[in-house]
Structure formats: C-alpha cells, structure tokens
Amino acid sequence: MDRRVFGVETEFGITHHGAEHRGLPPEEVARYIFRPVLRWGRSSNVFIPNASRLYLDVGSHPEYATAECDDLLDLIAADRAGELIMDDLAQRAETAMAEDGFAGSVYLLKNNVDSQGNSYGSHENYMIPRTTHFRRLTTILLPFLVTRQILVGAGRLVPATDETDAHYAFSQRADHMWEGISSATTRSRPIINTRDEPHADAALHRRLHVIVGDSNMSETTSLLRYGATDLVLRMVESGVPVGDFELENPIGAIRHISHDISGKATVKVRSGPEMTAVDIQSGLLDRARRFVRENGAHHERVGQILELWERTLQAVASGDHAPIERDIDWAIKKRLLEDVAARGGLAQGHPKLEQLDMAYHDVHPRRGVFNLLAAHGRASTQLEPERIQRAIVDPPATTRAALRGRFLSTARALGAEHTVDWVHHKLVDRPLDALMFKDPLLAEDPRLDTLLGKLGDRVEQLQEQDLGERREQPGPLALTERYRLGSARELAEPPLI
C-alpha cells in the first residue's frame, strides 16, 4: 500500500484530589469534563473541527480518536493535539468544580493502568488492502506485537504482591491481554481485534485494529511504534518472506517478556527453539532493512525508524539503557525512577515512586512529569510546538479528514444543524443531499462544494450579525473554533476553511 491511513484512539485516566474534602469519583469528574462538550455538541460523542472524535467511553474514560492521517508526523501531531484539548477540558472542569464547592486538582493521565489495577487502552488503526491474507498477516504480526513492547512500552512500576516483589516492567498493557485474536475489545482484550469495521469501502479496505499498545508520552517512541508496525505491514502486503516467529503461547509470552527488564526472557516459537524478544525483533529488523534496500524508503523518516529500532534492541540486549534514555518511554521513566530512588534511598515499591510513575503520564503541559523532562532536555521531541498547535484546529490536509473538518467548520459557523461520522456528512434540513466519503485518502470532492454552496441562503443573515459573537463558544472547544472566515460572499462560494 503506497499510502496508508493511520489513526490512534486514546483513553485517558482521570482522578480528582480534593483540597479540603475527599475527591469526587471518576464518573462525577467525567461529567464536569464533558459539560462544555455537551453545550457545544449536545452530545458526549462529537466530532470537532480538526476532524477528530471526542467522546466518553465505558468506565468514565474520556477518549480522543485522531482524524485519519497518511503521514506519521501528522499522526503524532494529531495525538499530541488531543492531549492539549483534553487538558483544556480538565482544567475547565477543575474551575467549574471549585465554583460548585469541590475545590481541588483534576489529573488527566495518558496511561493504561490505574491504582486499582483497571486497564484502559490505546488502540491503533491501520488501513490495509481487503486482499491481504488475514491468516498470514496475524501469524507474522502477533509475534511482532508481543515483542514490540521492548521497543515502545510505556514502562510500569509493578507493585509487590504475595507472589512477587515490586519490580519494573516494559509494558502497562501486557498483563491485561487475554487473547491473541478476537472480535472483542473489553471482555477478553485481544492483541488484534478482528471486528470488521473498515469505515471505508469494504470491498477495497480493511481496518486493522490493534489494542495491545501502551499510550506513549514520547513523540520519538510514537514514531518507532507506528513506523516499525507500518514497515512490518508493508512486508506482509508485498508477500516477501518475513520468517517464521509464530509463538506457541502469545498471551503467556507477552506477560513473561514484560516482567523481565533484562530482555533475557525466552518464549517458545512453534517452528524451533526458544527465543528472546530481542531475537525475534532482530530477525524482523533484518528483514525490514533488506525490504527497504530492495524497495526504497516510502517515508523520509524510515532511516530514523530503523536506527531507533536497532539502537533500542542493542540497549536491551546489552543492559546499558543510556543510549535510549531520552528517546524510549520505558527507558526515560526507568532512569527517572532510579534517580529519585537513589537520591531518597527509596525501595523500588515505595509509594513516592508509584506516584511518580503515574505523574509521568499527566498531560498537563506545566505539571506533567514527562513534559517537564522534555522542557529540560531529558526527553527528545520530533515536532515543533507550532505544528501541534495547528493540529488542535486544523485537520490533516491530505486525507478525508480535510473534507470532514471543512464540513464541520462551515456548518458550525453558519449555524446549520448537521450530523457527521467517519463516513457520512449530512445537513439536517437537507437529508437527501447527504454525502458519503468512503475513500479515506480523498481530500477534495466537488460534491462538498455543491452542498456547502446550498448554505448560501444563510449568508444574508451573517451579514447582519457579528461573526465574532457567533464563533465565541463556552468551554474548551473554543480551541477548535478558529474558523478562517472570509467575507459573506466567500462563505457562499464556497467557504474558506
């Protein structure tokens, strides 16, 4: 596939620490967080003008799903924009709660496990051709995903139990996977979800839904996470030999690998002897390098992805994590916890270290520990801040997201009742003119110009109103309300969004 569409859905953890009283439970905090969303969109499930989806998921977890991206850096920017939008919602909720007598701090965490051991996800979506042989795909992809955690895991300080001492693990999500492949998402939590919802032309495309990944704070880790997975998919789609690394017990393997930070844990491969995660990933990396040499790089960051892949494997194999302590989430956090423990003489399971583990994932720009590390040069970045700020309000320009964003912005600016999902776009008072965009790579369509042109009867009303007042909305979604509106005449011919 020359151009692939990517997306990521992030569920956030929320908690409230009361100033004078006990903090409110998560379900109450979630209601405060989504008050502005309800005022803005009259629903807790809305698409916003950057073409992403914002909604309240099961278990009172705010969730943000990026718009369709066909560029890795656009995907990372869209994901980071979601952090800022969600943080803005959380800060406004904190203010509203204080006004109602519930003073305290709202914390929004981009992680995967809460203090009670409950898990919530970070789901990756990759568009693949319908013709891809799914059995071959999963046979190759499962061992890659099971062992990928040594590259891109978020890291976790695992508390002591009756059976084990407190220790550090590669992944937060690994202990909460129960099947290799399944159509379920919450009941059994498979590594690969097989539910066939392409959000596209089902005759041409399939959406690969991966729910095993940890939520990443590091942009560099995210680049490796999505970039390496894309390369493996490209090898599968091209039909090149990738090697036989099929695991005898994927669920046992993912846990075993996660809890051995030395990287020396071995797992049984069906076709041969036991192998380590480093062995399996090294085999896949060798084949990826050969694939790129023979077919060329499809993206300007492919060389960087391959270098990161190799450097991380070398760090795990050698036990010297210093070369990746600015780039890979689990290594950044591990170094931080070790430094704090050494300074304070703290044992690995000390409550202060557990709190720091959680604080690493706080998305607040000036309070979150990862963001503080990045600000002090202890964590690498890939994007200029301006690109992330643009992604708050601008959809990706080269996919269907551009059409959705333009439709939403125009309908919203002109006060036109509308409904939208990943494929369908409808003006409520013109149901027969509803549009369906089944091609995720379609960024322009004259049908949208025609439909928006029919809003011309609203232009005279706008000429008599203050556009600034019309655009001013309560709540955090003012962040996404930066419409680049021209004159009323331009709005009808069609609007400049």
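Author: Helices (H or I, at least four residues) and strands (E, at least two) are DSSP runs, numbered from the N terminus. This is a predicted model in which local features need pLDDT of at least 70 and side-chain atom pairs count only at pLDDT 80 or more, while totals for chains, interfaces and linings use all residues. Residues are numbered from 1 along each chain as its sequence is written, and side-chain values use heavy atoms, with hydrogens and water left out.

Reader: Where does Asp-445 lie?

Author: Asp-445 is in the loop between strand E17 (435-436) and H13.

Reader: Is Asp-445 buried or exposed?

Author: A residue is buried under 20% relative accessible area, exposed over 50%, and partly exposed in between (1.4 Å probe, protein chains only). Asp-445 has a relative accessible area of 12%, so Asp-445 counts as buried.

Reader: What does the side chain of Asp-445 reach?

Author: A polar contact is a pair of N or O atoms within 3.5 Å; within protein, one must be able to donate a hydrogen and the other to accept it, and residues adjacent in sequence count only if both atoms are side-chain atoms. Here the side chain of Asp-445 reaches the backbone nitrogen of Arg-447 at 2.8 Å. Leaving aside residues up to four places away in sequence, Asp-445 touches Leu-403 and Phe-437, where contact means heavy atoms within 4.5 Å.

Reader: At what angle do H12 and H13 pack?

Author: Axes are lines fitted to C-alpha atoms, for helices over the stretch in contact, and angles run from 0 to 180 degrees between N-to-C directions. Helix H12 (residues 401-413) and helix H13 (residues 446-453) make an angle of about 5°, and their axes are 11 Å apart. H12 is therefore roughly parallel to H13; angles under 35 degrees count as roughly parallel, over 145 as roughly antiparallel, 65 to 115 as roughly perpendicular and the rest as oblique.

Reader: Which residues of H12 and H13 meet?

Author: From H12 come Leu-403, Arg-406, Phe-407 and Thr-410, and from H13 come Leu-448, Asp-449, Leu-451 and Leu-452. The residues of this contact of H12 with H13 are five nonpolar, one polar and two charged. In this scheme Ala, Val, Leu, Ile, Met, Phe, Trp, Tyr, Cys and Pro count as nonpolar, Asp, Glu, Lys and Arg as charged, and the others, Gly among them, as polar.

Reader: At what angle do H3 and H6 pack?

Author: Helix H3 (residues 134-152) and helix H6 (residues 277-295) pack at about 105°, with axes 9 Å apart. H3 and H6 are therefore roughly perpendicular to each other. Among the residues in contact are Phe-144 and Leu-151 of H3 and Ile-280 and Leu-284 of H6. The contact of H3 with H6 has eight nonpolar, two polar and one charged residues.

Reader: What is the strand order in the sheet of E15, E16 and E17?

Author: Strands of a sheet pair through backbone hydrogen bonds, either parallel or antiparallel. Two strands count as paired if DSSP finds at least two bridges between them. This open sheet of three strands runs E15-E16-E17, with antiparallel pairing. Strand E15 (418-420) and E17 are at the edges with a single partner strand each, so one side of each has no neighbour in the sheet. Strand E16 (residues 424-427) is joined to E17 by two bridges, and His-425 stands opposite Leu-435 in E17. H12 packs on this sheet, touching E15 and E16, and its direction makes about 160° with that of E15.

Reader: What is the order of the sheet with eight strands?

Author: The order of this open sheet is E3-E4-E5-E1-E7-E12-E11-E10, and its pairing is mixed. Its edge strands are strand E3 (45-47) and strand E10 (179-182), each pairing on one side only. From one strand to the next the twist averages 20°. E10 and strand E11 (residues 190-193) run parallel and are joined by three bridges; Ile-181 has Ile-192 of E11 as its bridge partner.

Reader: How many residues of E1 are buried?

Author: In strand E1 (residues 6-11), six of its six residues are buried. Phe-6, Val-8 and Thr-10 are on one side, and Gly-7, Glu-9 and Glu-11 are on the other. E1 pairs antiparallel with strand E7 (residues 122-129) over five bridges, with Val-8 partnered by Glu-124. E1 also runs antiparallel to strand E5 (residues 61-65), joined by three bridges, and there Thr-10 stands opposite Tyr-64.
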